[in-house]
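Subject: Structure handover

Hello,

Here is the structure I promised to pass on. Please open it first, then read the notes below it.

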Amino acid sequence: VNTALSTRPPEDDRRPGELTLRELLRWGWRQLTSMRTALVLLLLLALAAVPGSVIPQEGVDSLKTSTWQSDHPKLTPIYEKIGLFSVYDSVWFSAIYLLLMISLVGCILPRTLVYWRGLRAKPPAAPRNLGRLPEHASYSTSDDVDAVLDRARQLLRRRRYRISTTGEAVSAERGYLREAGNLLFHFSVLVVLVGFGLGSLFGYKGGVIVVQGSGFSNTVSQYDDFDPGRLFRADDMDPFYFKVDDFAADWLTSGPRAGMARGFTAGLSYQEDLDAPEKTYDLKVNHPLTIGDTDVFLIGHGYAPVITIRDGKGNEVTGGPTPFLPIDQTFQSIGVVKAQNAEPTQIGLEGEFYPTVAFSKQTGSYYSLFGKPVDPMVSLLVYTGDLHMSDGTSQSVYSLDKSDTTMLTKKNGAPYRLDLRPGQSVKLPHGLGTVSFDGLRPWVKIQISQTPGKWIALTGVVLALIGLLGSLFIRPRRVWVRARRERDGTLVEVAALDRSGGGDMAGVVDELVGALQGAARSASTDRKDES
Amino acid sequence: VTDVQWESLSNWAVAACGMVYFLALLAHLVEWASLRKVPVTAGAARESVDVPGGVVVATGPDGPADDADDSARRTAFFGRLGYLLTCLAVAVHLLGLAARGMAADPNRVPWGNMYEFTLTGTFVVAFLYVALYRKFRLAWMAPIVVAFVLTVLMVAVIWLYSPVAPLTEALSSYWLVIHVVSAIIATGAFTLGGITSALYLVKARSLAKNGPRESGYVARLPRLEVLDRVAYRMHAFGFPVWTFAVLITGPIWAHQAWSSYWNWDPKEVWAFITWVVYAAYLHARTTAGWKGRNAAILALVGMFTLWFNFIGINYFSTTSQHSYAEGAAVISTADR
């Protein structure tokens with residue numbers, strides 16, 4: 001039992017500088033919500049966003065990322081560890097913006113309370129010495145004090161000031177909405193973040209190549225690539241179906257952009273769900289089709305040669321259009337055709353497609369002149385053996401597993417190459433079968449996305465802009481007019497204080513003084529007229 | 001008038017406005033060179049000068065008042081000449097832009113490639129300067145703005161030029177007009193604000209090092225508070241316009257063309273960085289310890305990110321969907 005008399009409070013047992021947990025928390029909160037911290041966090045956010053624009057990002061361009069990774073084997077593990085391939089999902093980037101949001105909440109909550117109380121407060125009384133304010137003016141008049149103050153009140157009210165009078169001075173204030181705009185802006189930033197978060201958590205984005213004449217139903221398994229948000233549920237997908245009826249593009253044949261195509265149009269017929277009536281839509285770039293919550297976009301096109309393989313027994317083992325992927329603007333494309341059921345051995349074809357073929361003597365190879373199929377040709381190499389298609393592992397439809405195959409060669413050892421134009425057919429040696437190029441179909445790359453919360457984000461950013469305009473262009477200011485009886489008339493002092501840091505108060509004071517004097521003059525002339 | 005004639009008219013007009021900007025720059029250089037030795041009177045130093053020299057009454061001990069009057073009139077004349085030449089250049093510049101749009105078939109807004117963006121960007125900088133000259137008494141800014149516009153215009157003509165071509169598919173949308181116009185207007189305002197902030201730093205440094213000077217360019221700059229306020233006004237105008245361009249129209253258009261309203265595309269990332277830096281500037285201006293010098297530095301950082309994004313990122317990154325280049329269209333009709 002401590003009976004010793006002491007004036008020292010128990011806390012003083014601590015060493016100097018030591019804080020209790022509560023004090024520490026309060027100190028931390030103050031630090032976090034201070035403007036300086038917010039500024040530093042803002043700058044950190046800007047800095048942290050930079051690497052994502054220089055290093056390829058998985059979520060933006062996964063193909064480019066994997067190419068970069070295989071080019072830089074030493075850097076890749078280090079980069080991967082610190083999340084440099086997905087900067088905008090990384091822990092450190094999220095930490096910065098979450099801290100910024102906490103700092104923002106910590107800033108706007110108390111300010112909203114202050115604003116709420118201040119909203120109904122009277123303008124503060126005039127300082128004792130108006131001449132000390134940066135912008136002030138004074139003049140003498142023969143009118144008495146009450147007349148001057150009356151006029152001042154009238155003029156200021158007309159200029160939409162809030163007014164109160166204490167003694168011989170009128171206090172006026174305007175521009176209360178600036179802080180409201182400021183608070184609205186900061187609050188809206190949170191709304192935008194919520195909308196953005198909903199989209200990336202519950203939404204998805206996927207792409208699929210659809211050949212003209214075929215259809216697509218909106219289920220996960222139908223997509224070529226599918227990128228769902230963390231909380232995405234397949235049940236939320238809109239159950240629509242569409243079919244690509246035709247595809248057209250205008251090819252430019254002259255001018256500096258000759259060879260480029262414009263006016264891509266994919267004619268779709270679609271059903272919003274299985275029971276809905278069929279409708280049609282011309283899908284174009286910049287003109288997506290919206291079905292329910294989902295948007296369907298046309299983002300690319302290419303060609304699918306129809307290549308038929310008949311095996312040694314004469315059975316058609318593969319047929320139909322096979323999409324080839326364009327590798328440049330002339331739509332020279334690469335692709336493979338696989339025939340796993342062919343007898344006596346499996347057959348794989350790999351090669352190029354040229355929409356308008358030409359031969360270069362310089363390189364000794366074919367190339368494409370033009371993206372429009374004026375003189376199309378496929379040039380394919382033939383592989384036989386085990387294509388490893390029934391291993392259970394998934395395989396890209398655009399590449400062959402050549403590990404257990406042999407390339408067909410001519411007697412002189414040169415590769416056996418099939419160069420086929422539409423309608424042509426070639427009999428393979430050793431009784432392997434025949435390959436024919438039966439026609440050409442365009443395909444379109446369709447991007448489909450469901451982005452919940454996009455309207456929330458848009459509303460948020462529009463509100464933020466409105467708030468921003470208010471906070472930048474509403475000029476809060478205080479004006480005081482004091483009138484004092486002196487020996488030979490009334491001394492009127494006018495002063496103004498800019499509260500926004502951007503205003504030029506000299507003009508305000510001059511204008512008010514002018515109006516006061518002008519009003520006085522016209523008032524006095526009125527009086528003369530009456531008399 | 002055929003498209004080819006429109007195109008050569010545009011090229012001619014751009015060359016001509018370059019010449020006129022150059023003459024305007026010369027006039028301003030003559031003006032400021034002859035002001036170099038003339039001391040700034042106390043009144044002129046306190047308030048920003050409308051036409052530098054016009055207000056100056058130099059009564060140095062060496063020369064009779066007549067001489068000084070004469071020289072003051074001459075500098076005033078060159079100042080006015082420079083301004084008028086700039087106005088003329090801006091008009092010819094506009095003609096060059098309009099002809100560029102008329103030269104395309106079908107006619108279109110002249111915002112299809114980097115050359116045209118830069119042409120428009122410099123036009124907006126020059127136009128805003130000419131339009132705000134009286135309101136903010138920008139005489140002190142004249143040589144710098146004209147030199148800046150001339151330099152960037154030369155970069156556009158020498159390195160960025162490309163012949164008139166139809167818009168790529170992804171660009172032919174009315175959002176092009178809204179998005180690009182707002183982005184370029186904001187760029188113009190930020191650039192003028194950045195120039196003002198740079199001059200603020202120059203003046204602040206000179207004051208700290210040498211104290212108030214009697215004569216010279218720096219002494220004729222407005223007071224620090226005025227520079228700070230003018231810079232703030234320009235930035236405060238630019239920031240909401242930039243917000244509109246980058247965070248409203250950009251995402252809406254991206255959503256229509258590329259299926260996702262925010263793609264973390266390098267151009268978007270840098271536009272966002274610019275936005276964050278200018279947001280920091282606006283906050284810094286009202287924060288103790290950041291006001292003045294640090295805020296001005298932030299404004300310059302903002303201007304750097306802005307122009308790096310405008311021109312630099314196109315050469316730096318090849319993944320950008322904004323890279324308006326003609327090559328390397330893989331499987332996309334979008335303008336990758």
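Start with a turn: β2(A) and β3(A) form a hairpin with two residues between them. In that turn, G167(A) has a positive phi of about 65°. Strands here are DSSP runs of E with at least two residues, helices are DSSP runs of H or I with at least four residues, and both are numbered from the N terminus.

Some ground rules before going on. This is a predicted model, in which local features need pLDDT of at least 70 and side-chain atom pairs count only at pLDDT 80 or more, while totals for chains, interfaces and linings use all residues. Residues are numbered from 1 along each chain as its sequence is written, chains are lettered from A and ligands numbered from 1 in the order in which they are written, and side-chain values use heavy atoms, with hydrogens and water left out.

Strands of chain A

β2(A) covers residues 162-166 and pairs with β3(A) in the antiparallel sense over five bridges. Two strands count as paired if DSSP finds at least two bridges between them. T165(A) stands opposite V170(A) in β3(A).

β3(A) has another partner to look at. Strand β23(A), residues 477-486, pairs with β3(A) in the antiparallel sense over six bridges. There, V170(A) stands opposite V481(A). Five of the six residues of β3(A), residues 169-174, are buried, so this strand is largely enclosed by the rest of the structure. Buried means under 20% relative accessible area, exposed means over 50%, and partly exposed lies in between (1.4 Å probe, protein chains only).

A further hairpin is worth a look. β16(A), residues 357-360, and β17(A), residues 365-368, pair in the antiparallel sense over four bridges. A358(A) stands opposite Y367(A) in β17(A). Four residues lie between these strands, and G364(A) takes a positive phi near 70°.

Salt bridges

How many salt bridges does the structure hold over all chains? The count is 18. The rule asks for a side-chain nitrogen of Lys or Arg within 4 Å of a carboxyl oxygen of Asp or Glu.

Take R111(A) and E179(A). Their side chains meet in a salt bridge at 2.9 Å, N to O. This pair links distant parts of the chain: R111(A) is in helix α6(A), residues 91-119, and E179(A) is in helix α8(A), 68 residues apart. R111(A) counts as partly exposed, at 31% relative accessibility.

R153(A) and D150(A) also form one, at 2.8 Å, N to O. Both lie in helix α7(A), residues 145-158. They are three residues apart, about one turn of the helix. D150(A) is partly exposed, with a relative accessible area of 45%.

Then there is D375(A) with R421(A), at 3.0 Å, N to O. This pair again links distant parts of the chain, 46 residues apart. D375(A) sits in the loop between β17(A) and β18(A), and R421(A) in the loop between β20(A) and β21(A). D375(A) is partly exposed at 28% relative accessibility. R421(A) is partly exposed too, at 32%. In chain B, salt bridges that share partners join R100(B), R108(B) and E116(B) into one network.

Where the chains meet

63 residues of chain A are in contact with 64 residues of chain B. Contact means heavy atoms within 4.5 Å. The area buried between the two chains is about 5600 Å², and carbon and sulfur atoms give 66% of it. Buried area is the accessible area (1.4 Å probe) that two parts lose on being put together, summed over both.

Across this interface the rule finds zero salt bridges. It finds four residue pairs in polar contact, both residues at pLDDT 80 or more. A polar contact is a pair of N or O atoms within 3.5 Å; within protein, one must be able to donate a hydrogen and the other to accept it, and residues adjacent in sequence count only if both atoms are side-chain atoms.

Which element gives the largest share of the side of chain A that touches chain B? α9(A) does, with 10 residues.

Chain B

Chain B has 10 helices and zero strands. Of its 336 residues, 62% count as buried. Residues 24 or more positions apart account for 79% of the contacts in chain B with a separation of 6 or more.

Best wishes
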